[in-house]
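The following note sets out points on the fold and packing of the model shown here. Each point may be checked against the coordinates.

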Amino acid sequence: MTKIGEIQISGKVALSPMAGISDSPYRKIARRFGSAFAYTEFVSTEQILLGNQKSIDMFRFEEMERPIFFQIFGSDLNTVVEASKRIAPLKPDVIDLNMGCSVSKVSHHGSGAGLLRNLKLAGQMIEGMKKAVNLPITAKIRLGWDADSLNYKESVHILQESGVSAISVHGRTKAMAYTGKADWNAIGDIKSFAKVPIFGNGDVASFQEAQDKIKTYGVDLVLIGRKAIGNPWIFSEREKQDLPFSEIRKVVIEHLLGILDFYPSEDDYGLILFRKHFSKYMDGISFPSELKSELLQTKSLTTFLKLFSDYEPDQNRTIIETVEYSENMNCETYLAHR
C-alpha cells in the first residue's frame, strides 16, 4: 500500500492520464478492473480561471473512481496556484501538476515538459499549491528536455524540497515524445534516492510486466497508458485475447453507453468519441475487418448496437491486424479536441 499524504493507495498498477482517453467513463471501467486510482485528463489552468465550463467538466467524477487525482497544467505561477484553489472545492483527493506533456504548443510555452527547463518555477508552483489547498500535490515528469539535458535528479530534488507528495516518471525525454524506448534504469535510479513514492511509466504492455518493473526497479506503482486503451483487463491479470467475445462485447457496450451518458448530445457526438476506444477494443482479437470498418463509420447508434450485438464469432477466424496509436493519443489529443 502506498500513502500519498493521508490518502491510501491500494494496488500497484494504475491507468496513466491520457487526454481524450482517461475521462470518467473509462476511469470507472479501469477502476473496476483493478486500476489503483484515477487521474483526470489534464486541464489548462488558464481555462479554469476563465471559467470555461467544458474544461471544468473534465473534472467530473463518481465516488467509485476515488482516489481521484485532478491533473492540471500551466506556465504562470499565480494562475496555477489560483486554479488549484478554484478546483479544490470539487473535492479531488490529490492535485497533480503535469510536467511531462511534450507537444510543442504546450511545452514550448512553458507548460508541461517546458517546466523541466524552469525547475525553480516548478518548485514554486508546488510550494504555492501546497499552501493554497489542503490536499496532497504530486507531479508527473520526464527525464529531461532531451538527451543532453537529463536533469531528473535536480527535478526530483527541487520537487521534494517544495513539498511534493509523490512523483510519476515517464522514462523518456521531451524530445523523444513517445518514440524509442523508455529508460527504466533511469526510473530505477530515481527510486534509489527519492524520498517520496515514485510511479514508473513507459512501455508497459501487461500486468505481469508491471509487476516485473516493480520487482526490478523498486518503484511504488506502475502507470500503464497506451496499452490500456481498449484493454481494461490489463489491470486484472487477464489477457484480452483469451476472453470470450461475449465478455468483451459486454464491456464495449458498457463503455459506449457510459460515454453517451457522460456527453449528452442530440447528434452522434458520443458515438464519434467512442470510435478511438472501439478500434482498440477490437485490436488483437478475432473480429472481421469489414465489420469493424462499418462500425467505425456509422453515425447511427441503433445501427452500431444492432450490428455489434448480432455479431457472433465463428471457430475458424483469424486475428485482425492491430493498430498502434501515436503520441496523439496522449496529451497532444487535448489540443485537437478542446
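1. S5 and strand S6 (residues 94-99) are paired in the parallel sense over 4 bridges; two strands pair if DSSP finds at least two bridges between them. Helices (H or I, at least four residues) and strands (E, at least two) are DSSP runs, numbered from the N terminus. Within this pairing, Leu97 in S6 is the bridge partner of Ile72. Helix H6 (residues 119-132) packs on the sheet, where it touches S5, S6 and strand S7 (137-142), and its direction makes about 170 degrees with that of S6. Contact means heavy atoms within 4.5 Å; axes are lines fitted to C-alpha atoms, for helices over the stretch in contact, and angles run from 0 to 180 degrees between N-to-C directions.

2. On provenance, this is a predicted model, in which local features need pLDDT of at least 70 and side-chain atom pairs count only at pLDDT 80 or more, while totals for chains, interfaces and linings use all residues. Residues are numbered from 1 along each chain as its sequence is written, and side-chain values use heavy atoms, with hydrogens and water left out.

3. The open sheet consists of 8 strands in the order S3-S10-S9-S8-S7-S6-S5-S4, with parallel pairing. S3 and S4 stand at the edges with a single partner strand each, so one side of each is left without a neighbour in the sheet. From one strand to the next, the twist averages 25 degrees.

4. Strand S8 (residues 166-170) is mostly covered, with 5 of its 5 residues buried. Buried means under 20% relative accessible area, exposed over 50%, and partly exposed in between (1.4 Å probe, protein chains only). Ala166, Ser168 and His170 point one way from S8, Ile167 and Val169 point the other way, and all are buried. S7 and S8 run parallel and are joined by 5 bridges; Thr138 stands opposite Ala166 in S8.

5. Which residues of helix H9 (residues 207-217) are buried? They are Phe207, Ala210, Lys213 and Ile214. These residues cover an arc of only 115 degrees around the axis, which puts them on the same side of H9; the arc is that of the directions from the helix axis to the C-beta atoms. An α-helix has 3.6 residues a turn, so residues three or four places apart point the same way. The buried residues of H9 pack against strand S3 (13-15), helix H8 (184-193) and strand S10 (221-224), whereas Lys215 and Thr216, on the other side of H9, are exposed.

6. The whole structure contains 24 aromatic pairs. Rings of Phe, Tyr and Trp (its six-membered ring) pair if their centres lie within 6.5 Å; planes under 30 degrees apart count as stacked, over 60 as edge-to-face and the rest as tilted. The ring centres of Phe37 and Phe69 are 4.2 Å apart and the planes lie at 25 degrees, so the pair is stacked. Phe37 is in the loop between helix H1 (24-33) and strand S4 (38-44) and Phe69 is in strand S5 (residues 68-73), so the pair ties together parts that are 32 residues apart in sequence. Both Phe37 and Phe69 are buried. Phe59 and Phe70 also form a stacked pair, at 4.4 Å centre to centre and with 20 degrees between the planes.

7. Ring pairs also link a cluster, among whose members are Phe278, Phe287, Phe304 and Phe308. Leu295, in helix H12 (residues 289-297), touches Phe278, Phe287, Phe304, Leu307 and Phe308, not counting residues up to four places away in sequence. Leu295 is buried, with a relative accessible area of 1%.

8. Two arginines sit over rings: the charged end of Arg60 is 3.8 Å from the ring centre of Phe262, and Arg142 lies over the face of Tyr178 at 4.9 Å from the ring centre. The criterion is NZ of Lys or CZ of Arg within 6 Å of the ring centre and within 35 degrees of the ring normal.

9. Most residues other than glycine have a negative phi, and most peptide bonds are trans. Ala177 has a positive phi of about 55 degrees and is buried at 8% relative accessibility. Glu237 has a positive phi of about 65 degrees and is exposed, with a relative accessible area of 62%. The peptide bond from Arg66 to Pro67 is cis, with omega near 0 degrees; Pro67 lies in the loop between H3 and S5.
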